[in-house]
Amino acid sequence: MQGKLLFKCAAVAMALGLLVGGCSSSKKDNKIIKIGALAESTGSNGSYGTAILNGMRLAVKEVNEKGVLGKKLELVAVDTKSSADAAAKGMAKLVNDDKVDVASGIFASASAIAASEVSEAAKVPYLATGATNPASCGYCGQGWQGEALYLPRLLHRSLPR
């Protein structure tokens, strides 16, 4: 079970890297794509969060061996502690302090809802990796839906208008 989850999370992280690889960035260093990782590393969903974060780290390592359109990925992780309040604060840190281009992670819907509200306000695309509640996805995609559903939605929201 964790092997499948790890593989899925690695695929999600790579898709995020490919997704934003061609998007313009207002950040100083446009040779780096910053991915925010919201990981429930502790608390009741700690095992899921740890597997998700490990998958994302593996995917970033593999993608960085070749790069994405001449860019490298940088993963910035925060522990959401399996708490909706910590998820919102973690997302705020990622978008405001770390200036991530995209964010991904969180298994629980309540935490994903809190995080997505912050990402939507900041206009930072967010991929909820395990949350299934439709309300958890204002400005994001949901990994469980499959790439055909969430990647076009994220791409549309990522492109400059």
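Strand β1 (residues 32–39) is largely enclosed by the rest of the structure, because six of its eight residues are buried. Buried here means under 20% relative accessible area, exposed means over 50%, and partly exposed lies in between (1.4 Å probe, protein chains only). The model is predicted, so local features need pLDDT of at least 70 and side-chain atom pairs count only at pLDDT 80 or more, while totals for chains, interfaces and linings use all residues. Residues are numbered from 1 along each chain as its sequence is written, and side-chain values use heavy atoms, with hydrogens and water left out.

β1 has two partners in what follows. With strand β2 (residues 72–79), β1 pairs in the parallel sense over eight bridges; two strands pair if DSSP finds at least two bridges between them. One of these bridges joins Lys-34 to Glu-74 in β2. Between the two strands the chain runs through α2, and this β-α-β crossover from β1 to β2 is right-handed. Right-handed means that, with the strands pointing away from the viewer, the path from the first strand over the helix to the second runs clockwise. β1 also pairs in the parallel sense with strand β3 (residues 102–105), over four bridges. There, Leu-38 stands opposite Gly-105.

The connecting helix, α2 (residues 46–64), has 19 residues and reaches 27 Å from its first C-alpha to its last, close to the expected 27 Å. The expected span is 1.5 Å times one less than the number of residues. Buried residues of α2 include Gly-49, Ile-52, Leu-53, Met-56 and Val-60.

Tyr-48 and Phe-107 are stacked, at 4.0 Å centre to centre and 5 degrees between the planes. Rings of Phe, Tyr and Trp (its six-membered ring) pair if their centres lie within 6.5 Å; planes under 30 degrees apart count as stacked, over 60 as edge-to-face and the rest as tilted. The pair links distant parts of the chain, since Tyr-48 lies in α2 and Phe-107 in the loop between β3 and α4 (109–122), 59 residues apart. Tyr-48 is partly exposed at 30% relative accessible area, and Phe-107 is partly exposed at 27%.

These elements belong to a protein with five helices and five strands. Helices (H or I, at least four residues) and strands (E, at least two) are DSSP runs, numbered from the N terminus. Their order along the sequence is α-β-α-β-α-β-α-β-β-α. Of the 161 residues, 49% count as buried.
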